[in-house]
Amino acid sequence: MFHKSCVPFPNMQDTLQSLTECNFRLGLITNGYTEMQRASIEALDIERFFDLIFISEQIGLRKPDPQIFWRALQKIEAEPGESIYVGDHPINDIVAARSAGMLGVWKSSGHWTNEIEADYKINDLSEILSLPILTE
């Protein structure tokens with residue numbers, strides 16, 4: 001029962017709330033089993049912030065396949081070059097999002113020691129709000 005022990009990154013709720021208030025369209029793309037991921041999303045109380053939630057099992061694609069990103073972008077009517085993807089996995093999130101034409105924002109989590117090539121690097125989710133791409 002992973003969802004019972006989910007711990008959000010610090011400032012997750014406040015950051016999502018701020019992005020929502022600024023009228024950004026938000027999507028969530030996650031690999032995993034639908035039932036487990038839905039339970040985790042519910043436990044974190046974040047579903048209300050997202051215009052779209054794609055779970056790999058439900059969609060039939062998984063990251064790092066760029067098709068999952070393109071389908072999500074199409075669904076929320078967003079262009080890859082005007083979109084960012086924030087993630088903590090170097091291949092499934094950052095490399096994959098960049099291969100789909102999005103900007104990759106690396107959320108450092110301490111799990112990866114190699115240098116990650118990303119468009120932006122953050123240590124705390126609240127740093128998203130001051131990224132140049134969002135403040136232009």
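Start with the charges: the chain carries 11 positive and 20 negative side chains, and the centres of the two sets sit 5 Å apart. Here Lys and Arg count as positive and Asp and Glu as negative, with His and the chain ends left out; each charge is placed at NZ of Lys, CZ of Arg, CG of Asp or CD of Glu.

Keep in mind that this is a predicted model, where local features need pLDDT of at least 70 and side-chain atom pairs count only at pLDDT 80 or more, while totals for chains, interfaces and linings use all residues. Residues are numbered from 1 along each chain as its sequence is written, and side-chain values use heavy atoms, without hydrogens and water.

Now the fold. There are six helices and five strands (DSSP runs, H or I of at least four residues for helices and E of at least two for strands, numbered from the N terminus). In sequence order they read α-β-α-β-α-α-β-α-β-β-α.

On to the inside. Leaving aside neighbours within four places in sequence, Leu16 is in contact (heavy atoms within 4.5 Å) with Leu26, Ile46, Phe49 and Phe50.

Across the chain, 40% of the 136 residues are buried, meaning under 20% relative accessible area with a 1.4 Å probe, protein chains only.

Methods:
Buried < 20%, exposed > 50% of the residue type's maximum accessible area, 1.4 Å probe, protein only.
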